[in-house]
Amino acid sequence: MRPEKDIRLRIDLLEGQSSSIAKMLAKAMQDRNEEAVKQYSERLALIKGRIEELTWVLGIKAGQSVLDVEVDVGGPVTVRELLEMLKDGRARI
């Protein structure tokens, strides 16, 4: 359980950082400072990516299997269901 708590704390930290950077980005946009806007935008994108990775890790740790992830192939199905459809010949690649 400890690693999950550490991951949640890291996500909270990153969300706090992104909030501060978003405020600085808004100020840079008001000041029409293109270089600062570029830097803050890049940092926000990086943080967003890290948060998504950590969220994915939490999802897996919480018991969600990659096979339970939904994909849209003409309708929402799980990866597990799609594999079964491929195996039975009901779907083709």
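Me: Is E53 buried or exposed?
Reply: The relative accessible area of E53 is 53%, a value from a predicted model. The cut-off for exposed is over 50%. Because 53% lies over that cut-off, E53 counts as exposed.

Me: In which helix is E53 found, and how far apart in space are E53 and I11, C-alpha to C-alpha?
Reply: E53 belongs to helix α2. In sequence, 42 residues separate E53 and I11. In space, from C-alpha to C-alpha, the separation of E53 and I11 is 9.8 Å.

Me: Which residues is L54 in contact with, leaving aside its neighbours within four places in sequence?
Reply: L54 sits in helix α2. R10 is 44 residues from L54 in sequence, yet their C-alpha atoms are 8.3 Å apart in space. R10 is one of the residues that L54 contacts once neighbours within four places are left aside.

Me: What is the order of the elements from the N terminus on?
Reply: The secondary structure comes to three helices and two strands. Read from the N terminus, the elements run α-α-β-β-α.

Me: Where is R32 placed, and what is its phi?
Reply: R32 lies in the loop between α1 and α2. At 73% relative accessibility, R32 is exposed. Most residues other than glycine have a negative phi. R32 is not a glycine, yet its phi is positive, at about 55 degrees.

Me: How many salt bridges does a search of the whole structure find, and what is the distance between the closest N and O atoms of D31 and K27?
Reply: The search of the whole structure finds five salt bridges. One of them joins D31 and K27. D31 is partly exposed at 47% relative accessibility, and K27 is partly exposed at 46%. The closest N and O atoms of D31 and K27 are apart by 3.1 Å.

Me: Which residue meets E52 in a salt bridge?
Reply: E52 is partly exposed, its relative accessible area being 46%. The N to O distance is 3.1 Å, and the partner is K48.

Me: What is the N to O distance in the salt bridge of R90 and D88?
Reply: R90 is exposed, with a relative accessible area of 56%. D88 is partly exposed, at 48% relative accessibility. The side chains of R90 and D88 meet at an N to O distance of 3.3 Å.

Me: Which element has the lowest mean pLDDT and which the highest?
Reply: The mean pLDDT of the protein is 83, and 88% of its residues reach 70 or more. Strand β1 (residues 70-72) has the lowest mean pLDDT among the elements, at 78. The highest, 89, belongs to α1.

Me: What percentage of the contacts between residues at least 6 apart in sequence join residues at least 24 apart?
Reply: This count takes in contacts between residues at least 6 apart in sequence. The part of them that joins residues at least 24 apart is 36%.

Note on methods: Residues numbered from 1 in each chain as written. Predicted model: local features only at pLDDT ≥ 70, side-chain atom pairs only at ≥ 80, totals over all residues. Heavy atoms only, no water. Salt bridge = Lys/Arg side-chain N within 4 Å of Asp/Glu carboxyl O. Buried < 20%, exposed > 50% of the residue type's maximum accessible area, 1.4 Å probe, protein only. Helix = DSSP H or I, 4+ residues; strand = E, 2+ residues; numbered from the N terminus. pLDDT = per-residue confidence, 0-100. Contact = heavy atoms within 4.5 Å.
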